[in-house]
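Here is a short report on helix packing and strand pairing. Please read it alongside the sequence and the model.

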Amino acid sequence: MKNPKILILAEIAGILIIFGMHTLQVSATTVTIDVNLSVTPNVISFETVFPCEVHFRPLNIDLSGSFIESSIHDDVEYQIVQRPKPRIDDPEERAYCLLHPEDLSRCYPSLCPYLSKEADNQPGNDTSVPAFHDPTATSSIAFGRLAKSDDDLEDNWIIDLHTPCFRGECDQTNSVPVQYQLDSSLRGQTFGCDLVVEVVEVSYFQTTTRTIGFWGPHTAFTSSVFQNQLGGSMTVGAGSHTRTITNTSGNGQSRLFGAFFSSIPKKTNNQNRANIDKARMQLLQQLVAAKLNCAAFSCTPATQTVITNADGAYATGTAAQILAAASQLDAYNNSGDANAIPGSLGPIGSATPATSQAKANKVFWNSP
Ligand SMILES: [Ca+2]
Ligand SMILES: [Ca+2]
């Protein structure tokens, strides 16, 4: 080959991981630590290459060990985007080169258009990007998905470098489109590109739930979950307004079944409850069911936040706020009603509403 060599360096530097609202930046020499993904290697170097050569390098993006072990996390959607590479690798220079990629005193000439990203197609849930593309176009973003439910725990990408040639020196058979041929003034330069892996979305398994209409009458199953998954005790409310729920045996002793079977409008002496307590009684049923659901089937951090907020509303909210919390929990308690109950929780048995009624301690809930 008669053309002089050009020196090209591709680097995955400054891997940017976005998880929810939190941003974590990791430098090229640091091992990537992220709760969701592990990305290797940190640096891809093509060193010295010749025009029109094609070089291949692996880029492995895997679900992290903690993500794989988590019982509630299912999948991660991510994208591989490209950024101009600054000559000095720090956040300020990266931001500068994004705005002024043509300033070659501070940014490397761009290698980005020449890098293709080929997905492993095992399974086919990722989107490859061919070489010779406009690095700023949205069509140049490679998308990937890793999902336990797809049996896809690792994506083994191949990054191909399609080395460009110098304008006027490209041979007849070369496949470099004319707009991607280099000006000869760039001869001998080092080229660079930052590949950035961004987490777009993290999703959870759709979890099982049951409604208040299930938990109240299923005396034996509810008692079993309450004992085995919650240790026989549950608190509702917060701060100075809390109620401790137990499931003492014997008729009229169970605060747990009292929560489901006490009258919402009236106390046991037939007096009407105050409006705030009527609202609390409605929330109480949903709150106890939600806590049983989370304990039995596990639930997402978002659901746990809804429950924590509902405990706060139970203690200090207005009647309207308490009813809003009840309605939110009602939606959650219905959300996974179609999903199966794991056999590991033991027999479900049949509904025995009369038994639950008899066990219910309703007097306790005269003061919810
Ligand atoms: Ca994939
Ligand atoms: Ca894969």
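## Helix crossing

Helix α4 passes helix α6 in a left-handed crossing; left-handed means that the near helix is turned anticlockwise from the far one by less than a right angle, right-handed that it is turned clockwise. α4 spans residues 219-228 and α6 residues 275-297. Their axes come within 10 Å and cross at roughly 70°. α4 is therefore roughly perpendicular to α6 (65 to 115 degrees). Axes are lines fitted to C-alpha atoms, for helices over the stretch in contact, and angles run from 0 to 180 degrees between N-to-C directions.

Thr-222, Val-225 and Phe-226 of α4 meet Leu-292, Ala-295 and Ala-296 of α6 (contact: C-beta atoms, placed from the backbone, within 7 Å). By class, five of these residues are nonpolar, one is polar and none is charged (Ala, Val, Leu, Ile, Met, Phe, Trp, Tyr, Cys and Pro count as nonpolar; Asp, Glu, Lys and Arg as charged; the others, Gly among them, as polar).

## Sheet

Three strands form an open antiparallel sheet, ordered β9-β7-β12. Pairing requires at least two bridges found by DSSP. The twist averages 20° from one strand to the next.

β7 (residues 73-83) pairs with β12 over ten bridges, in the antiparallel sense. Val-76 stands opposite Val-202 of β12.

## Basis

This is a predicted model: local features need pLDDT of at least 70, side-chain atom pairs count only at pLDDT 80 or more, and totals for chains, interfaces and linings use all residues. Residues are numbered from 1 along each chain as its sequence is written, while chains are lettered from A and ligands numbered from 1 in the order in which they are written. Helices (H or I, at least four residues) and strands (E, at least two) are DSSP runs, numbered from the N terminus.

Terms used: Parallel < 35°, antiparallel > 145°, perpendicular 65-115°, else oblique. Contact = placed C-beta atoms within 7 Å.
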